[in-house]
Amino acid sequence: MNEPPRLPEGSFAAWSRDRLALACRGADECGDVWQLEPGIYVASAAGPCEAVLHRAQDFARASSPLFPPLKRSSGAPTSEERAHAHAARMRGLRPQAVAARIGEIAPGAARFADRWPTGRDVEILPLVRDALAGIGVRYLFSEDAPTLLPFASQLFLARELLVRPSRWVWPRWMPTPARRFRTRQQVAFTDALRPIVRRRRSSGRLGDDMLGQMLQPSSHYGLLPEEVILDTLPGITVATFETPSRAAGWILLHLARYPQAADRVATEAALLPADPAATTSTHLDSLRYTQALVREVLRLHPPSWLLTRHATRQTQLADYTIDAGSTILVCPYTAQRDAREHSEPDQFQPERWLDHSGSPAKPGVFLSFGTGPHGCEGAALAMAMLTLLTAQTARRYRLGEPPGPEPGYQVTTFGGLATVGLRLRATLRS
């Protein structure tokens with residue numbers, strides 16, 4: 001899953017909803033790429049956004065992980081160790097690996113639907129986040145998930161504190177309260193994970209989950225060092241449920257606002273096995289309209305709506321000569337509403353993804369998971385989780401918003417596009 005945007009420090013760190021409006025105006029008034037201020041450019045149309053994300057040699061991803069490696073006597077991971085860790089993660093996250101484990105993902109989605117309190121307005125994002133955390137942590141750690149889930153929840157809280165807007169911009173080396181809390185939670189997670197890693201290695205029962213894949217020796221790299229595994233997993237653990245939770249809020253809101261679309265999802269979901277554990281990738285593939293609805297919501301409301309890249313050298317982008325060291329802000333929110341790529345781009349039309357002209361593989365039309373060398377590692381897992389959660393929810397309930405002229409949520413943009421405080425009411429389908 002993509003990390004939330006880590007914006008440039010200084011005055012620009014105050015990016016918020018009014019900046020989102022500015023980005024939209026820029027897309028209409030300033031062209032496909034425009035200069036926000038000296039050294040900061042916005043790519044707001046599909047073509048330039050796709051180009052920036054693919055040109056990793058010119059536009060590097062910002063290196064500011066939320067959970068940087070802990071200080072150790074052995075030093076930071078080498079570039080070869082980072083490449084080995086990435087390859088090991090992808091063995092567990094590639095589409096084929098996710099497809100093979102759909103029967104482990106589906107029960108968590110069904111439990112979320114089963115436990116939704118009916119007949120009253122409920123703030124839904126905390127419930128969604130807990131459900132997706134359970135699914136994501138189990139996908140990573142299988143039978144060891146119950147041990148690690150409480151620590152994963154604390155890592156999420158540390159992440160929330162770190163990205164909270166602040167009046168002050170502190171140097172990265174300064175141990176602010178939020179950074180000290182982050183380090184404590186990262187150490188606690190690592191201390192809980194270390195004996196699991198050692199037990200699996202000493203027993204030879206590595207497991208077929210993602211941790212097991214990271215413990216498998218590589219023919220090219222050999223064994224991945226224990227410390228590299230421990231440093232890699234805090235970030236990916238939070239990513240399995242943090243960004244999908246924001247997406248799920250928008251999806252459930254659309255089920256409430258578009259009852260005919262929800263009915264169509266419910267019709268598809270009625271064909272799923274009564275026992276969620278019997279769900280297979282074939283069942284998931286049969287949820288064509290549900291997947292189209294999920295993709296359409298992500299197009300309109302990409303959870304990671306702004307991605308940051310830095311120019312590594314002087315280069316050309318559209319009509320601009322970009323100097324080395326400049327910041328380029330890639331805006332999937334505006335790119336995915338580009339009228340040259342989507343007819344009626346501001347309209348909710350899941351059907352657009354059901355024909356070949358709406359293929360997400362077409363360059364620039366779908367960037368919610370990023371693209372190129374730094375695209376979201378967990379895109380397949382996120383789509384599976386969100387599709388099954390959507391199907392199981394619509395299968396059981398009709399959703400509605402609280403009455404009144406104002407929406408029952410607030411849109412936030414700093415840590416990602418989210419429906420904070422979203423309240424919905426579920427009534428059982430007959």
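Let me start with a term: a residue is buried if its relative accessible area is under 20%, exposed if over 50%, and partly exposed in between, using a 1.4 Å probe and protein chains only. By that rule Ala256, at 14% relative accessibility, counts as buried.

A word on the model, everyone. It is predicted, so local features need pLDDT of at least 70, side-chain atom pairs count only at pLDDT 80 or more, and totals for chains, interfaces and linings use all residues. Residues are numbered from 1 along each chain as its sequence is written, and side-chain values use heavy atoms, with hydrogens and water left out.

Back to Ala256, which sits in helix 11, residues 242-257; helices here are DSSP runs of H or I with at least four residues, strands are E runs of at least two, and both are numbered from the N terminus. What is Ala256 in contact with, leaving aside its neighbours within four places in sequence? Leu399, Gly400, Glu401 and Leu424, where contact means heavy atoms within 4.5 Å. Ala394 is 138 residues away in sequence, yet its C-alpha lies 9.7 Å from that of Ala256.

Zooming out, the protein chain has 16 helices and 12 strands, and 52% of its 430 residues count as buried. Of its contacts with a separation of 6 or more, 77% join residues 24 or more positions apart.

Last, a helix pair. In helix 3 (residues 79-93), Glu81, Ala85, Arg89 and Leu93 meet Val228, Thr232 and Ile236 of helix 10. By class, that contact has four nonpolar residues (Ala, Val, Leu, Ile, Met, Phe, Trp, Tyr, Cys and Pro), two charged (Asp, Glu, Lys and Arg) and one polar (the others, Gly among them).
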